[in-house]
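Q: Hi! Could you walk me through this model before I start on my own notes?

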Amino acid sequence: MINLIGWLGGIFLSICALPQVIKTYRTKKIQDLSWGFLLLWFSGEILTLVYIISGDWSVKIYHPPLYLNYGLNIALLFYLLYAKVRYH
């Protein structure tokens, strides 16, 4: 049961940015998202993923729901950063 909770949490958190990505893709507008917000969010996702993976490797306990969460968030944020440059 706890694994299901972890997977559901990872899935829900990993798709949080999806509505913004869809809206940005459709409207080609991203002015309301600041550079500071996007860069801090992106940096936080990268650094936390590195922290989790390095900790997991050292103790040989792995957390795939967290990898999913941070990996998908990084991909979605990468698109938002690209859109910020492209549509600005």
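A: Happy to. One term to begin with: buried means under 20% relative accessible area, exposed over 50%, and partly exposed in between (1.4 Å probe, protein chains only). Helices (H or I, at least four residues) and strands (E, at least two) are DSSP runs, numbered from the N terminus. This is a predicted model, where local features need pLDDT of at least 70 and side-chain atom pairs count only at pLDDT 80 or more, while totals for chains, interfaces and linings use all residues. Residues are numbered from 1 along each chain as its sequence is written, and side-chain values use heavy atoms, with hydrogens and water left out.

Q: Thanks! Which residues are buried in H4?

A: The buried ones in H4 are Pro65, Asn69, Tyr70, Asn73, Ile74, Leu76, Leu77, Tyr79, Leu80, Leu81, Ala83 and Lys84.

Q: And what covers the buried residues of H4?

A: The cover includes helix H1 (2-14), helix H2 (18-27) and H3. Contact here means heavy atoms within 4.5 Å.

Q: What about H3, which of its residues are buried?

A: Leu38, Phe42, Glu45, Leu49, Ile52 and Asp56 are the buried residues of H3, and they pack against helix H4 (64-87). An α-helix has 3.6 residues a turn, so residues three or four places apart point the same way.

Q: How far apart are the end C-alpha atoms of H3?

A: They are 36 Å apart, which agrees with the 36 Å that the 25 residues of H3 (residues 35-59) should span at 1.5 Å a residue. The expected span is 1.5 Å times one less than the number of residues.

Q: What happens just after H3?

A: Lys60 takes a positive phi of about 60° there.

Q: Back to the inside: which residues have the most contacts within the largest nonpolar core?

A: Leu38 and Leu80, in a core of 16 residues. H3 and H4 each supply at least two residues of this core, and H4 gives the most, with 8 residues. Such a core is a set of buried Ala, Val, Leu, Ile, Met, Phe, Trp, Tyr and Cys residues joined through side-chain atoms within 4.5 Å.

Q: What is Leu38 in contact with, leaving aside neighbours within four places in sequence?

A: Leu33, Leu77, Leu80, Leu81 and Lys84.

Q: New topic: is Ile2 buried or exposed?

A: Ile2 lies in helix H1 and counts as exposed, because its relative accessibility is 65%.
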